[in-house]
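Please look over the sequence and the structure together before reading on.

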Amino acid sequence: MELRRVDPNRPHGVVTRALHAFGRTSVGRWYGIHVAAPIDARLMRHSGGRIRMVGTLPTAVLGTTGAKSGEPRENPILYFHDGDDVILIASSFGRDKHPAWYHNLRAHPEATLNGNAFTAAEVSDPDERERLFALAVKVYPGYADYRTRTDAIGRRIPVMRLSPA
């Protein structure tokens, strides 16, 4: 399935800006965690990634290998491009723990995004991480809120770079 190119500098339309504003509210965050993410996972899995709840967010199906189980895992995930690479932000909606897919990629860096093969690596250079996080905030401004939440509890949100395999 195709992986749509996502330019983080592309301006957003009025509908996308409204959805971003809703997502940044406490109700919007709850909806994202408890309704949209679980339903998106099912919709995208059964439709081959063609159907999702919030069509304006750049979402793809991330395929990983379970860190402990070794079983295949799939998660809907927001992404954007940096050159030929794809960038993922392990925000987990600003919760206190990293998402499971982050641990999976650390243990098994071979992954797929909409069926396309990639190799993952965590961005460790602080300047590069900051540059990419600033681009992520352009894609979805809620990442800034998640960072505020995680900074308050001492969790640093990882940034992952997926390079074509």
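The protein chain has 5 helices and 7 strands, where helices (H or I, at least four residues) and strands (E, at least two) are DSSP runs numbered from the N terminus. Along the sequence these elements follow the pattern α-α-β-β-β-β-α-β-β-α-α-β. The radius of gyration, taken over C-alpha atoms, is 15 Å, close to the 15 Å that the globule rule (2.2 Å times the number of residues to the power 0.38) gives for 165 residues, so the chain is as compact as a globular protein of that length. This is a predicted model, in which local features need pLDDT of at least 70 and side-chain atom pairs count only at pLDDT 80 or more, while totals for chains, interfaces and linings use all residues. Residues are numbered from 1 along each chain as its sequence is written, and side-chain values use heavy atoms, with hydrogens and water left out.

Strand 7 (residues 159-164) pairs with strand 4 (residues 85-89) in the antiparallel sense over 4 bridges, pairing being assigned if DSSP finds at least two bridges between two strands. Within this pairing, V159 is the bridge partner of I89. Strand 7 is also joined by 5 bridges to strand 6 (residues 116-122), again running antiparallel, and there L162 stands opposite A120.

Not counting residues up to four places away in sequence, L88 touches, with heavy atoms within 4.5 Å, residues including L62, W101, L105 and L162.
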